[in-house]
Amino acid sequence: MKNTDIFKLSSTFSKREAKQCAAYLSNFTDAKPQILQLWDIIYDAYKNKKYNWGKLDLSKEEINQKLLGKTEDNSKARSIRSILYKNLKNYAAFLQFQEEREKDKQYLFRYSAKRNIGSLSEGEYKRIVKDLNKKIGINCLEQNYKASKTYIDTLILDQRKKALPDYKAHFASFSNYALMQQIQLYCIMLNHALIAHSPLDQDFEQKMVQIFDQASDVESLQKIVHLYKVCSLMLKNDVAQYKVLKELVKQHDGVIDVSDKKFLYIFMHTFCTICQDRDLIHEARLIYLKRFEEHLLHEGDIIPLMHAKGLCTTILKMTQIEDLTARWSKEQAEAKIKEVVKEMPRQYRKANEQFHMGVLAFYFKEYHTAIEILNKKIVYPNAFFDFDARSVLIRAYYLLGNADDFFSKQIRAFQEALRYDESISQDHKNGYKNFIRAIRSLDKARNLSLEYQGNLKATNTLSELEHFLDKNPVKVVGWIIKEMENLGYCFKHKELLSQ
């Protein structure tokens, strides 16, 4: 059952959505009794597993027995499953509509225009324009343009009305939206250029100067243009403009459109992450947590898996910062991780919580606890969780210092897992492989130092390791460097110490 499209789609439903699915199927589709019965079988099994899709173990044979009285699969059983899947897709589309209608308030307006309810159309149009004029943002401009287009189309089709469409206002609303779309796209390009270290073409930059000037001449656009102007300057590596943008976003918090806020926070997060300044890296963490608090990372009611992992990693980093006044306690971090986990897709919650609680224990030097947690059998959502957990286990065994057999065993298991994995890129694989090589060299140097104080072989081993780190990407390289320092090694490549 888990390999079927029905399960893949159903497992995205929350507890509430799954419960309401039967009502949707019976009231809004032409699904026949056997289609409804099939959904009831699936839902009951989900309910019996305490609303955990990951534990659902229904087989096609079990379903066929309950549905048709025999386990054999046939064309009728396949047809029933196919029809249910088609209706579940419609339900998923309905759920998406429910989410999007909160952003787009024009559904009643378009309905009244299409059904030619004149007085209702006029009233809805005026209400929409009034609400949009209270906010600033590109999404608001788009909604304004769409509303004016619907209004003009309605007047043209209903020739009995004497009201004349204001084509000039409609043209202006479209022009304003088009200008801001170009400006937003420009900032997206700058954001990518900052990451890839590839500046944009000078001719293109000159064209954008003209577009900014043109948009700035429109009084209703001046606030949003100023926001994106400052953002564009920040993305050209200007720290002062980051501070200005941060203040502007705070200042316009109540009126700036959510979609624009999402973009601006992403740009600010990128800028702070790319910079090597420790204060800005801390700012990046705060921005990420703020995006969580303001529901800017959510898709509907849930946070996507990798955002949840990134958030929990950010929370862990908050326990390690140098500023003691801003550093989080273990209890604070634990509570926040659980808060994030609650808003993840249900099937990933247990694995995500176990992984990050294990890492949290490791960060607080509770190595035996970290090993106990991370050695528990669990299926991780993807290879990144698995491989990161393995790297923490190996580091914990290394730091205990009296577990050589377990240390070697974990390394061999990690190498085997990397060899057969096909889900992550070669670049990531190389980072993990290089980590294994680096920690082995580290372990060798430590053992030599313990055996012979100030041993030249240990120094040579660490010198070779430093050269390797300088030339190759290595996962958790900062930790490796810190452990080299703990062995008393003096670095030649001083730039490595900033990693």
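Two residues are in contact here when heavy atoms of theirs lie within 4.5 Å of each other. Keep that in mind as we walk through this predicted model. Take the contacts in the chain between residues with a separation of 6 or more: 61% of them join residues 24 or more positions apart.

What is the chain built from? It has 23 helices and zero strands. Its C-alpha trace spans about 100 × 70 × 40 Å along the principal axes. Of its 499 residues, 44% count as buried. The chain exposes about 28000 Å², and carbon and sulfur atoms supply 51% of that area.

Now let's look inside. In soluble globular proteins, nonpolar side chains tend to be buried together. Here, the largest nonpolar core has 67 residues, and Ile439, Leu465, Leu469, Ile480 and Met484 are the ones with the most contacts inside it. Helix α19, which covers residues 383-400, gives the most to this core, with 10 residues. There's also a second, separate core of 43 residues, with Met208, Leu221, Val225 and Ala284 among them.

Is Arg395 buried or exposed? It's buried, yet it has no salt bridge. The nearest side chain of opposite charge belongs to Asp388, 7.2 Å away. A salt bridge needs a side-chain nitrogen within 4 Å of a carboxyl oxygen. So who are the neighbours of Arg395? Leaving aside those within four places in sequence, Arg395 is in contact with Phe362, Phe435, Ile439, Val476 and Trp479.

Finally, zoom out to the charges: the chain has 78 positive and 64 negative ones, and their mean positions are 5 Å apart.

How values were computed. Residues are numbered from 1 along each chain as its sequence is written. This is a predicted model: local features need pLDDT of at least 70, side-chain atom pairs count only at pLDDT 80 or more; totals for chains, interfaces and linings use all residues. Side-chain values use heavy atoms; hydrogens and water are left out. A nonpolar core is a set of buried Ala, Val, Leu, Ile, Met, Phe, Trp, Tyr and Cys residues joined through side-chain atoms within 4.5 Å. Buried means under 20% relative accessible area, exposed over 50%, partly exposed in between (1.4 Å probe, protein chains only). Helices (H or I, at least four residues) and strands (E, at least two) are DSSP runs, numbered from the N terminus. Accessible areas come from the Shrake-Rupley method with a 1.4 Å probe; for residues, only the protein chains shown count as cover. Lys and Arg count as positive and Asp and Glu as negative; His and the chain ends are not counted. The place of a charge is taken as NZ of Lys, CZ of Arg, CG of Asp or CD of Glu.
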